[in-house]
Amino acid sequence: AKVSEFDCFISHVCSSPGFNKYITLVLDQLGLSAFVSAIVGSLMVFAFQAFCHPLPRIDSVCGYPTSIWELVGGVAIGWSVFAFGHTLCRRTCCFFDCVSICQHDPELKAMGIMNIPAFLRASRAMVVLWDERYFTRLWCVYEIAVAHSIDGLPIRILPTSVYALVAVTQLYMCVGAAADLLFRSVIVVSFWWDDALIIAFVFVPLLSLQAYNGRRFAKMYAQLQEQFETFDTRRAAISVESDRSLIYAGIEELFDGSLDNFNSIVRTTLKSAAMGSLTGQRAVLPYWCVMWQLLSAIPVILSKYNIYVLHMESPLCVRLAGFLSDVTGVFCCFPLLSAAALELGKRSALGMPPDGSWAALRHIGVGAVHIGVVGVIAALYAVCRLMAYQITDMIGRGEMRRLGLEDWHCLPWAVLVNGATCVAAVWAFRPRTQKRSGESGSFG
């Protein structure tokens, strides 16, 4: 089909793992839709059970049958959007080189290569599926350099390995949420034991994954910087050697007839734009990239509300305060803790030598530091839980009246605690600097 413009120009290494590229594009294009769909779906299941007819439940030793349908329904709808949402994006047109350029007719192929600048000018954005080989491939560097020469064209760099780890974390979150619900149905535990078990089996592994993701990001960033600094068009690899002369001709036409001019722009201007695009916010990953991992968060909260809140005789102010704390935990507290773990992993990677006789000891030392700092972050989570839930509940139930606090004071207390968390999250994910004129690009 003929089109007059493209929504995005997808640039990638053809020989890179296809599954990683698929996961990256799915999360990038459908992540927000899946997240919202999961929330809406779980709310619909919650409303149906609350106001129409309860679905079959699992008997629980605490006396309140366990409802897993909000979690199952929300996650199923979210994953369905990931799997089939592309069928609803029929108006989205993307340029994909191996499909959009003829591969069997040499003449048409040459015309396609020479018209890549025109394809890019007809695109609203460029999406780079980055891996460690991207800037070693002549085709890829040519595409991103041409894109950078077009004023106002956004360049979005999506590291495929980072997005693959985001998908793994999301899967672990879903499994952990289901295990938490089933655990509550067979064992009665106190508030403190409940938090201790969640921290040990859910948050510590999750924070460790985040630290590892931050470490991978730091290594990727250093590798990307080295690739820019040592770039030379003549050393870039290409699968079909006969294409080299065509690409050289295209580069020379764009850059005053000189490959050296192109090399200089890649090492300076393009490097500055690309590296700046990866560090546009204080946190290692953008906010929504962190949120995609929490697909199951709101559904599991609604499942817990169906188990406890609808059946327990808690004061209304306590329920409202608890709901506020739950929502803040999903949208602010976990992203904040995740940003801290990512930063930990990033900083540990920056100080790690690649080899040498002390490398093994340094790895052991970094591992010990990881364990210690992840433990500190988990302890901070426990403190947040204490302030947002336990103290709020004690105020709402009148256990703080001896201190002059009325029951309704649990709401202002919840607003104060959760407001401070929101402020901290905004600070962590705020833009680091304004982009200089002439630079374009973003990550995530």
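Predicted model: local features only at pLDDT ≥ 70, side-chain atom pairs only at ≥ 80, totals over all residues.

Is the crossing of α6 and α9 left-handed or right-handed?

1. The crossing of α6 and α9 is left-handed. The axes of α6, which spans residues 138-149, and α9, which spans residues 243-254, come within 11 Å and cross at roughly 20 degrees; because angles under 35 degrees count as roughly parallel, α6 is described as roughly parallel to α9.

2. On the α6 side the contact is made by L138, W139, Y142 and V146, while α9 contributes D243, R244, I247, Y248, G250, I251 and L254. Sorted by class, this contact of α6 with α9 comprises eight nonpolar residues, one polar residue and two charged residues.

3. The largest nonpolar core holds 71 residues, of which L120 and Y134 touch the most other members, and α6 gives the most to this core, with nine residues. Leaving aside neighbours within four places in sequence, L120 is in contact with F9, M126, E143, V146, A147, I150 and L153. Apart from this core lies another, of 28 residues, including V202, L294, I298 and L302.

4. One backbone value deserves a look: phi of D256 is near 55 degrees, a positive value in a residue other than glycine, whereas most residues other than glycine have a negative phi. D256 is found in the loop between α9 and α10, the latter covering 259-278, and D256 is exposed, with a relative accessible area of 71%.

Definitions and conventions:
Residues numbered from 1 in each chain as written. Heavy atoms only, no water. Axes fitted to C-alpha atoms, helices over the stretch in contact; angles between N-to-C directions. Helix = DSSP H or I, 4+ residues; strand = E, 2+ residues; numbered from the N terminus. Parallel < 35°, antiparallel > 145°, perpendicular 65-115°, else oblique. Left-handed = near helix turned anticlockwise from the far one by under 90°. Contact = heavy atoms within 4.5 Å. Nonpolar A, V, L, I, M, F, W, Y, C, P; charged D, E, K, R; others polar. Buried < 20%, exposed > 50% of the residue type's maximum accessible area, 1.4 Å probe, protein only. Core = buried A, V, L, I, M, F, W, Y, C linked by side-chain atoms within 4.5 Å.
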